[in-house]
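Q: Could you show me how to read the sheets and the helix packing in a model, step by step?

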Amino acid sequence: MAGTSSGIVAGLTAAAVGAVGLLAYQASATVPPGLGGRPAASGMPGAPGASASKAPRDHRHPTALPGASGTGERVVYSVDDDRVWLVNEHNRVERTFKVKPGTLDPAPGAYWVTSRAKAVTGTDGLPVEHVVRFTTTKDGMAIGFSAATANAATEPPDPTVPTGGIRETRRDGDATWKFATIGVKVIVIR
């Protein structure tokens, strides 16, 4: 009987490993061309960084969604323009708005919303709401969108305090909170 049980366990383990491999392949196959999957930490071989080219822009319409910013439902964030676009599954912009970046910029690439929090205290000490996180730095600092609830939110971030909070107005933060649920793509461009 022991031989039969170990054979069943081995078979189930092999099936589980195969299923994980298939899911990993399917996930990698859905990354938009040219984005190369989840970015590596800065300084590592193959990591996106300063050499990443700027996504094509419509210079007559500066708030238009940049080209080469993915397809389908996604949040697009331009680190050069300090702008966010909320794009629905039909590739239509539902909303676009300016943001105030923290002191830590995410590398260009494809990410997914990994966690959310209704209200917390930011690393700069300000109370924030509608926190939508999509990556972390190699030191573990979270990077994501949030809306500061205090009047001090209009001040630029202290450059000596590492912050990954990409600050939105409360109104824009509410829109991002409703749109960017766990698993929604976030495309970071230059």
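Q: Which strands form the open sheet of 5 strands, and in what order?

A: Helices (H or I, at least four residues) and strands (E, at least two) are DSSP runs, numbered from the N terminus, and two strands pair if DSSP finds at least two bridges between them. In this predicted model, the order is β3-β2-β1-β9-β4, with mixed pairing. The edge strands, each pairing on one side only, are β3 (93–98) and β4 (109–112). From one strand to the next the twist averages 20°, where axes are lines fitted to C-alpha atoms, for helices over the stretch in contact, and angles run from 0 to 180 degrees between N-to-C directions.

Q: In which sense do β1 and β2 pair?

A: Strand β1 (residues 74–78) and strand β2 (residues 83–87) are antiparallel, joined over 5 bridges, and Val75 has Leu86 in β2 as its bridge partner.

Q: What is the strand order in the open sheet of 4 strands?

A: The order is β5-β6-β7-β8, again with mixed pairing, and its edge strands are β5 (115–121) and β8 (165–168). Within this sheet, β6 (residues 127–136) and β7 (residues 142–148) pair in the antiparallel sense over 6 bridges, with Val132 opposite Phe145 in β7.

Q: Which strands of this sheet does helix α2 touch?

A: Taking contact as heavy atoms within 4.5 Å, helix α2 (residues 170–179) touches β5, β6, β7 and β8, and its direction makes about 50° with that of β6. Helix α2 also lies across β1, β2 and β3, running at about 140° to β3.

Q: What should I keep in mind about numbering and confidence?

A: Residues are numbered from 1 along each chain as its sequence is written, and side-chain values use heavy atoms, leaving out hydrogens and water. Because the model is predicted, local features need pLDDT of at least 70 and side-chain atom pairs count only at pLDDT 80 or more, whereas totals for chains, interfaces and linings use all residues.
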